Amino acid sequence: MSAPSHAASPAEENSPKMRVIRVGTRKSQLARIQTDSVVAMLKTLNPGLQFEIIAMSTTGDKILDTALSKIGEKSLFTKELEHALEKNEVDLVVHSLKDLPTVLPPGFTIGAVCKRENPYDAVVFHPKFVGKTLETLPEKSVVGTSSLRRAAQLQRKFPHLQFKSIRGNLNTRLQKLDELQEFSAIILAAAGLQRMGWQNRVGQILHPEECMYAVGQGALGVEVRAKDQDILDLVGMLHHPETLLCCIAERAFLKHLEGGCSVPVAVHTAIQDGQLYLTGGVWSLDGSESMQETMQATIHVPAQHEDGPEDDPQLVGITAQNIPRAAQLAAENLGTSLANLLLNKGAKNILDVARQLNDAH
């Protein structure tokens with residue numbers, strides 16, 4: 001026999017268990033899938049909480065006829081979501097970590113870096129070129145990409161190909177590839193294709209020797225108000241220690257180089273036997289000049305949710321209270337040291353010229 005129901009008291013209604021957590025996201029299908037995956041993890045950890053997803057369009061979603069590198073706006077896919085966060089219209093926002101600048105606006109922080117999926121880039125071929133690779137595409141084939149980083153590296157590796165900007169969400173870009181006959185192939189992040197369930201469209205995975213990936217690629221970041229301790233505690237459980245440390249190193253590298261989407265900068269990280277390896281590179285826009293180096297640091301990858309120090313100053317926009325500070329600082333140091341090594345070898349000149357050329361065109 002079931003227990004008699006009773007009306008909730010005011011105290012129960014206001015208890016944390018009754019609270020609705022509002023989650024901001026972009027409207028695209030991929031953004032919704034990514035947000036749903038984060039909400040599912042939070043629900044598993046907090047079965048008493050309710051979640052409401054609030055989708056909105058961002059500047060980057062609206063401007064589709066201009067290359068990202070030309071718009072000159074670092075927060076293309078984040079600004080509107082941050083306004084909602086600032087106005088308490090949402091409590092947290094789910095982003096692709098690679099869309100988040102290395103310095104966040106005051107009052108915001110990345111409260112969780114979720115486990116990274118495949119960070120590599122993938123090639124999707126036009127149906128008539130299925131079975132080909134970039135190497136075996138016909139001379140002068142046009143390959144679409146929205147990224148200077150990809151174009152610079154691949155032009156150097158595959159000089160017989162032409163690279164042209166292609167914009168829009170994943171659905172739009174695949175439609176343009178299949179229907180317009182303009183592109184022989186397009187380059188997309190493998191993680192996005194996996195999350196959409198479109199692995200069957202992947203014709204080739206580009207490994208680091210062909211094309212290193214973007215800082216933070218493949219990882220999801222959860223942005224929150226920096227002083228909202230309840231939400232920080234809530235999302236902090238999602239930090240994946242290995243991904244977090246790799247991404248701190250990558251973001252520190254990019255930040256110290258003062259790179260962004262207007263210059264070709266790429267990375268590759270790995271943790272093995274207590275060592276964090278970071279490879280970073282810079283390229284001229286046409287890929288003719290490049291410079292890359294690898295450094296490593298001893299790092300202690302903690303067990304999940306190991307207690308850390310009480311203070312939580314941000315590192316490259318990330319707050320991780322439950323990961324030992326020493327490991328985070330070692331990762332940040334590695335990124336900064338590698339950037340300094342490249343700058344001392346002349347990387348600044350390559351980046352300055354790339355920035356000027358990009359601005360001029």
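Start by selecting strand β5, residues 121-125. Five of its five residues are buried, so the strand is largely enclosed by the rest of the structure. Buried here means under 20% relative accessible area, with a 1.4 Å probe and protein chains only. Strands are DSSP runs of E with at least two residues, and helices are runs of H or I with at least four, numbered from the N terminus. This is a predicted model, in which local features need pLDDT of at least 70, side-chain atom pairs count only at pLDDT 80 or more, and totals for chains, interfaces and linings use all residues. Residues are numbered from 1 along each chain as its sequence is written, and side-chain values use heavy atoms, leaving out hydrogens and water.

Now show the side chains of β5. In a regular strand the side chains alternate between the two faces of the sheet. Asp 121, Val 123 and Phe 125 lie on one side of β5, Ala 122 and Val 124 on the other, and all are buried.

Two strands pair if DSSP finds at least two bridges between them. Strand β8 (residues 185-189) runs antiparallel to β5 and is joined to it by five bridges; Ala 185 is the bridge partner of Phe 125. Strand β9 (residues 202-206) is also antiparallel to β5, with four bridges, and there Gln 204 stands opposite Val 123.

Move to the open sheet of five strands, ordered β2-β1-β3-β10-β4 with mixed pairing. Its edge strands are β2 (50-56) and β4, each pairing on one side only. Select β3 (residues 92-96) with β10 (residues 220-225): five bridges link them in the antiparallel sense, and Leu 92 has Val 224 as its bridge partner.

Then select helix α2 (residues 29-45), which lies across β1 (20-26), β2, β3 and β10. The helix runs at about 165 degrees to β2; axes are lines fitted to C-alpha atoms, for helices over the stretch in contact, and angles run from 0 to 180 degrees between N-to-C directions.

Finish with the largest nonpolar core, which has 52 residues. Such a core is a set of buried Ala, Val, Leu, Ile, Met, Phe, Trp, Tyr and Cys residues joined through side-chain atoms within 4.5 Å. Val 113, Phe 253, Val 265, Leu 276 and Val 282 have the most contacts inside it. Helix α10 gives the most to this core, with ten residues. Around Val 282, look for contacts (heavy atoms within 4.5 Å) that include Leu 257, Met 291 and Ile 350.

Key:
Buried < 20%, exposed > 50% of the residue type's maximum accessible area, 1.4 Å probe, protein only. Lists of a residue's contacts leave out its neighbours within four places in sequence.
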